[in-house]
Amino acid sequence: MPRQSVTLTEKNDEWLKLQVDSAGDYANKSELINDLVRRARRAEYINQKFDRAEKSDFVYQSPQEMLSEFKHSVNDGD
């Protein structure tokens, strides 16, 4: 896995620490950041699908089918 170094504002760093310490869902800030990136990717993918569907004036997939396709593509990419 690639290692990255990022600079955060003080407020963002405090927020990340609070999420890790209080929620207990993440062992460290890296896990939380990876989850936030996955969620952003999911939102971006869904928005792109909706944009393409709106431009085509016809949608062949239900929202559930789109979400299932997205989940499959994300799981294959990780």
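This is a predicted model: local features need pLDDT of at least 70, side-chain atom pairs count only at pLDDT 80 or more; totals for chains, interfaces and linings use all residues.
Residues are numbered from 1 along each chain as its sequence is written, and side-chain values use heavy atoms, with hydrogens and water left out.

**How the two helices cross**

- The axes of helix 1 and helix 2 come within 9 Å and cross at roughly 100°; axes are lines fitted to C-alpha atoms, for helices over the stretch in contact, and angles run from 0 to 180 degrees between N-to-C directions.
- Helix 1 and helix 2 are therefore roughly perpendicular to each other, the term for angles of 65 to 115 degrees (under 35 is roughly parallel, over 145 roughly antiparallel, the rest oblique).

**Helix 1 itself**

- Helix 1 covers residues 10-23, and its 14 residues should span 20 Å at 1.5 Å a residue, which agrees with the 20 Å between its end C-alpha atoms; the expected span is 1.5 Å times one less than the number of residues.
- Helices here are DSSP runs (H or I, at least four residues), numbered from the N terminus.
- Asp13, Leu16 and Val20 are the buried residues of helix 1; buried means under 20% relative accessible area, exposed over 50%, and partly exposed in between (1.4 Å probe, protein chains only).
- Seen down the axis of helix 1, its buried residues fall within an arc of 65°, so they line one face of the helix; the arc is that of the directions from the helix axis to the C-beta atoms.
- An α-helix has 3.6 residues a turn, so residues three or four places apart point the same way.
- The buried residues of helix 1 pack against helix 2 (29-56), whereas Glu10, Lys11, Asp21 and Ser22 are exposed on the other side of helix 1.
- After helix 1 comes Gly24, whose phi is positive, near 75°.

**Leu8, ahead of helix 1**

- Leu8 sits in the segment before helix 1 and is partly exposed, with a relative accessible area of 37%.
- Beyond its neighbours within four places in sequence, Leu8 is in contact with Asp13 and Leu16.
- Leu8 and Val20 are 12 residues apart along the chain, and their C-alpha atoms are separated by 16 Å.

- Glu31 lies in helix 2 and counts as partly exposed at 36% relative accessibility.
- Not counting residues up to four places away in sequence, Glu31 touches Asp25, Tyr26 and Arg38.
- Glu31 and Val20, 11 residues apart in sequence, are 8.9 Å apart in space, C-alpha to C-alpha.
- Lys49 also has its place in helix 2, and Lys49 is buried, with a relative accessible area of 12%.
- Leaving aside neighbours within four places in sequence, Lys49 is in contact with Gln61, Met66 and Glu69.

**His72, in helix 3**

- His72 is found in helix 3 (residues 63-77) and counts as exposed at 53% relative accessibility.
- The C-alpha atoms of His72 and Lys29 are separated by 26 Å, with the two residues 43 residues apart along the chain.

Definitions and conventions: Contact means heavy atoms within 4.5 Å.
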